[in-house]
Amino acid sequence: MKRKMLKRVLPLTLCTAMALAGCSNASKAGAPNADAEPDPDKTYDISYTGQWCYSDYEDGSYVEKMIEDALNINITVEKAETTDTIDLLLGSGEMPDCMWTEKKTPDWMQEQELIRMIPKAMVEKYCPKILEYYEKNPLIYKMVLNPENEEEFTCLAGLTFQFVDYYLPGDFYRYDWIEKLGIDLGVNVEQVSDRLYVADDGIELSKFIEIMDAFVNQDPDGNGKKDTLGAAAPDWGIGLIGQFYSAYGFAKDINNVNGRAEQCYAMDEYKEFLKGFQELYAKNLLDPEIISNDRTIAWDKINTGVAGYWLSTTNTLNSWAKDRPPLMLLERDPDAKLLATPGIKPDGGEVQAVVNPTPAYGKFFVNANVEDDKLAKILEFFNYTVFGAGDKETTAKLFYGEKDVDWKWDETGEKPVEINKLNSGDKGTWSFSQFGQTEEVTKWVGEEELFQAGSKYWSQGDNGTWLKWQHRPYKMDLANETKYEKIFQKISGDLDAYVASYRTQAVLGQVDVDDTWDDYLKELDRIGYNEMMDELEKIPSIEEMIAELEK
């Protein structure tokens, strides 16, 4: 496939202003020299932050030392616990030499004059493998190329295939409760392992309500008390709520509403979702703490056998999620059985699920003050941590720690087997490599025995039958070609707070949704919602972008 180069026409006045400013997207250190090389006799000091570089990160960890020895560098890890911590770090002008983040856009980083451009020629020289993935997934180029110079990157994107090659948004029921209560689910159920069962389709909304009623009112745990709950509280902040949206015929994030991009929370279907959940809450079929955004509250209710249904992801069947349900439930209760389904669907309708448009994962930025020779060394660092410099054993150490201490190869010599199960961040594991999950690594970390038992439903490699319900978002401004992101950044605090407040009032029955819906939409408009969404009308849909790139 021939990739079309991505260009943006600038207004003349802007081009002139950029020229007067000496604008060639050079770093503060000067115009980029794509032929620059690291000094072989120099030990470079590189400051860094990324995932799992939290306050309890162990300075001089096993993985950190391994990288330093391999590349002849000294690493200083800047500890950033949360997005707020990163904001403070960047706001103080103390951005490390390089960093991974999921939250910041290239435009924002450029506006703050925090980053330098990365010559494509240097990427080709020091980490060519990443470009092979970009060529296979050309939408990534829209995310990382400098729109004013196609020979430069604003940042580099990492990889994970968890969000494109698998159906992740599964929900779970206590199947032992369903069996005890004799509930006919209306779908085919297959036992795929000792205690895991899988449905071949989503549960219809009316059936879901029937199940929740039975979980609350028919003593499913057999203790003679009315002390069980139906649906545990979801984590509203990370998108799992999309499984509930599916029950009302729409998907999370941006939907196509008669040819216009709309956020799910502004749709008529969302109004019906709020009314439906208000009714379920009034009937006590939802956890009274359903509005809580603390997922550990829900985890505790599931793990202690109080709640019988929860939203999750199918990859929580892997050991990385051993501290949460369903694995913690299975460990604590030997009689517990699980039913996994692809979600809830409207009566007579289909499940609605969203899949990422590309395997891009995270953004790797380089500080504006980094000189070209040091950039070359940082790109070596990028290549080493994302691809293990092409060495499978190095990659395994980045994720699992010391060979023959924390892990060993399985009998095939192809997959690491954990001996000493480390939490992410222990010994520096995942702290540098989180965003380097190639197909091979994705299988290592995401296809353990229990997950593999149901892979014919949720794995692309086994032609998973659930995958047909996944669709890319209708529109995303991947290249920041519009003012969408700038407006979002400006209004997101007020917007998110208002949407959450209205949702809470609606579900708790504190407002009449029909009577207040028009006022709700007017307030969204006042905050800036329609101005923001109008920007997306300026760009093609994701599917149209793909079709254009494939010409």
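## Model and conventions

The model is predicted: local features need pLDDT of at least 70, side-chain atom pairs count only at pLDDT 80 or more, and totals for chains, interfaces and linings use all residues. Residues are numbered from 1 along each chain as its sequence is written, and side-chain values use heavy atoms, with hydrogens and water left out.

The average pLDDT (the predictor's confidence in each residue, from 0 to 100) is 90 for the protein, and 93% of the residues score at least 70. Residues 1-27 stay under 50 in pLDDT; for this stretch the model has 45 contacts beyond four places in sequence. Contact here means heavy atoms within 4.5 Å.

Helices (H or I, at least four residues) and strands (E, at least two) are DSSP runs, numbered from the N terminus. Two strands pair if DSSP finds at least two bridges between them. An open sheet of five strands has the order 2-1-3-19-7, with mixed pairing. Strand 2 (73-77) and strand 7 (156-159) are its edge strands, each pairing on one side only. From one strand to the next, the twist averages 25 degrees.

Strand 1 and strand 2 run parallel and are joined by five bridges; Y48 has V77 in strand 2 as its bridge partner. Strand 1 is mostly covered, with five of its six residues buried (buried means under 20% relative accessible area, exposed over 50%, partly exposed in between, with a 1.4 Å probe and protein chains only). L156 is bridged to F364 in strand 19.

Helix 14 (residues 372-387) lies across strand 1 (44-49), strand 2, strand 3 (98-101), strand 7 and strand 19. Its direction is at about 55 degrees to strand 1. Axes are lines fitted to C-alpha atoms, for helices over the stretch in contact, and angles run from 0 to 180 degrees between N-to-C directions.

Another open sheet has three strands in the order 4-6-5, with antiparallel pairing. Its edge strands are strand 4 (118-119) and strand 5 (145-146), each of which pairs on one side only. Strand 5 and strand 6 (residues 149-153) run antiparallel and are joined by two bridges. The bridge partner of N146 in strand 6 is N149.

## Helices 19 and 20

Helix 19 (residues 484-507) and helix 20 (residues 513-527) have axes that come within 10 Å and cross at roughly 175 degrees. Helix 19 is therefore roughly antiparallel to helix 20. Angles under 35 degrees count as roughly parallel, over 145 as roughly antiparallel, 65 to 115 as roughly perpendicular and the rest as oblique.

On the helix 19 side, the contact includes I491, D494, L495, Y498 and V499; these belong to a set that meets residues of helix 20, including V513, W517, Y520 and L524. The residues of this contact divide into eleven nonpolar, one polar and three charged. Ala, Val, Leu, Ile, Met, Phe, Trp, Tyr, Cys and Pro count as nonpolar, Asp, Glu, Lys and Arg as charged, and the others, Gly among them, as polar.

## Backbone exceptions

Most residues other than glycine have a negative phi, and most peptide bonds are trans. The peptide bond from P325 to P326 is cis, with omega near 10 degrees. P326 is in the loop between strand 15 (307-311) and helix 13 (327-332).

D219 has a positive phi, near 50 degrees, and is not a glycine. The loop that holds D219 is between helix 9 (205-217) and strand 12 (229-231). A389, also not a glycine, has a positive phi of about 55 degrees. A389 is in the loop between helix 14 and helix 15 (392-400), and counts as partly exposed at 47% relative accessibility.

## Two buried residues

Y265 lies in the loop between strand 14 (260-263) and helix 11 (268-282). Y265 is buried, with a relative accessible area of 13%. Leaving aside neighbours within four places in sequence, its contacts include L495, V499, W517, Y520 and L524.

L330, in helix 13, counts as buried at 14% relative accessibility. With neighbours within four places in sequence left aside, L330 is in contact with R195, A336, L338 and L450. Its C-alpha atom is separated by 8.2 Å from that of N303, 27 residues apart along the chain.
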